[in-house]
Amino acid sequence: MTPKSIAARVALAGLVLLAGCAAPSGAPSTGPSQMPPPPPGTVCDAQGAQFAIGKTPGASVVEEARQRSGSYIARVLRPGQMVTMEFNAQRLNLDVDAAGVIRKVRCG
């Protein structure tokens with residue numbers, strides 16, 4: 001995988017995450033259809049993603065952490081970043097420090 005393809009995948013993942021903030025709840029959507037509902041039984045287990053602590057959140061690390069945790073979706077949370085606070089048992093959160101290194105993995 002080249003650095004360009006990794007950067008493109010990380011940028012795409014960021015755009016997908018931001019797309020969820022595009023329209024308020026209940027507002028009609030004018031963009032592409034949203035993600036299909038997650039399959040039943042996909043529940044996050046952060047233990048599987050512990051390997052990612054100390055690594056930078058490149059596309060392959062984020063995807064592997066998502067898969068190992070059994071999560072439907074994963075997001076990278078940076079210091080001071082505004083995020084939705086609702087608990088989602090199917091989501092993996094990768095908390096990074098100011099240097100961009102994963103310091104904590106948790107579900108929600």
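**Reading the fold and core of a predicted model**

From the N terminus on, the elements of the chain run α-α-β-β-β, where helices (H or I, at least four residues) and strands (E, at least two) are DSSP runs numbered from the N terminus. This is a predicted model, in which local features need pLDDT of at least 70, side-chain atom pairs count only at pLDDT 80 or more, and totals for chains, interfaces and linings use all residues. Residues are numbered from 1 along each chain as its sequence is written, and side-chain values use heavy atoms, with hydrogens and water left out.

User: How much of the chain is buried?

Analyst: Buried means under 20% relative accessible area, exposed over 50% and partly exposed in between (1.4 Å probe, protein chains only). Here, buried residues make up 26% of the 108 residues in the chain.

User: Which residues have the most contacts inside the largest nonpolar core?

Analyst: In soluble globular proteins, nonpolar side chains tend to be buried together. A nonpolar core is a set of buried Ala, Val, Leu, Ile, Met, Phe, Trp, Tyr and Cys residues joined through side-chain atoms within 4.5 Å. The largest one has 15 residues, and those with the most contacts inside it are Ala52, Ala65, Leu92, Leu94, Ile102 and Val105. Two or more residues of this core come from each of helix H2 (59-69), strand S1 (73-77), strand S2 (91-96) and strand S3 (102-107).

User: What does Leu92 touch?

Analyst: Contact means heavy atoms within 4.5 Å. Not counting residues up to four places away in sequence, Leu92 touches residues including Cys44, Ala65, Ile73 and Val105.
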